[in-house]
Amino acid sequence: PSAVAESNAFAVDTRTPSVAITLEYESIKIGDQPLVTFTFSEVPVGFTLANVTCDGGSLSSLTEVANYGGKVFRAVFTPNEELESSNNVITVDTRWTDIAGNPPLSTAQSANYVVDTIRPPVSITIDDKALRAGETATVTFTFGEPVKDFSLADVTAEFGSFDPDSLESDAQGLVYTARFTPAEGFEDSTNRIRVGQQWTDLAGNAPLEDSESPNISIDTKGPTLTSIVLGHTAFKAGERAKVTLVFSEAIQGLSVADLEVSGGSVEDLVSTDGGLTWTGTFTPTADLERADNVIRVKASSYTDLAGNEGQGGASENYTIDTRLP
């Protein structure tokens, strides 16, 4: 025959479709929800989030991106809580096709991304938990992972101060130390050093709440002599009197050698209440007539129970007339 017969036109599509997966950013911390973009080589059929496996989190809100002819989709990635993982990928399986019905040749994967949703912990220790005047202590801040932006501005201690030049860190950024000096003239048995929340781990996660040190007792307040009282203030021959010394707090180390006594002597100086009140016996000097006499306690001759040195003081004036006619 002279004529050639032709079929109707038909389409051939044997090209397998593909998809590229990208994340908005690849280091994900607490509170982050990066967008994940799926860019197809041609319009997909049957693609849903059921086709996607997501390490370290989950996807939601899959939507088609306008003006890309049905080839681009986006979803929201939400990281898992309390996770720290450096090896994660998003995978799209092969259970979808192009319009011609061709499935992809293989699964597709995103680039690796990091998930860190663990809040960084810190513990605070101090090498001396009972501080007195003249003492300093080393405070150690130990972090559960390397941190950034930590400084003494993050530390609160109303009952003392840190040497701003003393903050040091180990090479890993895990352990910091600083020198602490208690406030002068301060006395309180309940004190704690606090670290706030203005610092983060390297991923940018901040701590959930402030951290506290163990309790610290501080006594930098020296004891004072409240009063010296004699049984009476005009002595004649043969008279003796009780002398009572009262201090602002319990003291130790006081003896008659620490007293400067005009016109007589003090003996048998003792305390029966733990060091707050001391009593002794005053005996005037024989054959003496003098109007101006006092008992003085030498400064720094005694300490409180914490070891802080005390202040001196004196009694009211008393008179002596032990001259016989």
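Aromatic pairs: this predicted model holds 18 of them. Rings of Phe, Tyr and Trp (its six-membered ring) pair if their centres lie within 6.5 Å; planes under 30 degrees apart are stacked, over 60 edge-to-face, the rest tilted.

Take Phe 40 and Phe 73. Their ring centres sit 5.9 Å apart with the planes at 90°, so this pair is edge-to-face. Phe 40 belongs to strand S3 (residues 35–40) and Phe 73 to strand S6 (residues 72–79), so the pair ties together parts 33 residues apart in sequence. Strands here are DSSP E runs of at least two residues, helices H or I runs of at least four, numbered from the N terminus. Both Phe 40 and Phe 73 are buried, meaning under 20% relative accessible area with a 1.4 Å probe, protein chains only; over 50% is exposed, in between is partly exposed.

Next, Phe 150 and Tyr 176. They are edge-to-face too: 5.1 Å centre to centre, 70° between planes. Phe 150 is in the loop between strand S14 (147–148) and strand S15 (155–156). Tyr 176 is in strand S18 (residues 175–182), 26 residues apart from Phe 150. Both are buried.

Now the whole protein. It has zero helices and 35 strands. The C-alpha box is roughly 175 × 30 × 30 Å along the principal axes.

Ground rules. Residues are numbered from 1 along each chain as its sequence is written. Local features need pLDDT of at least 70, side-chain atom pairs 80 or more, totals for chains, interfaces and linings use all residues, and side-chain values use heavy atoms, without hydrogens or water.
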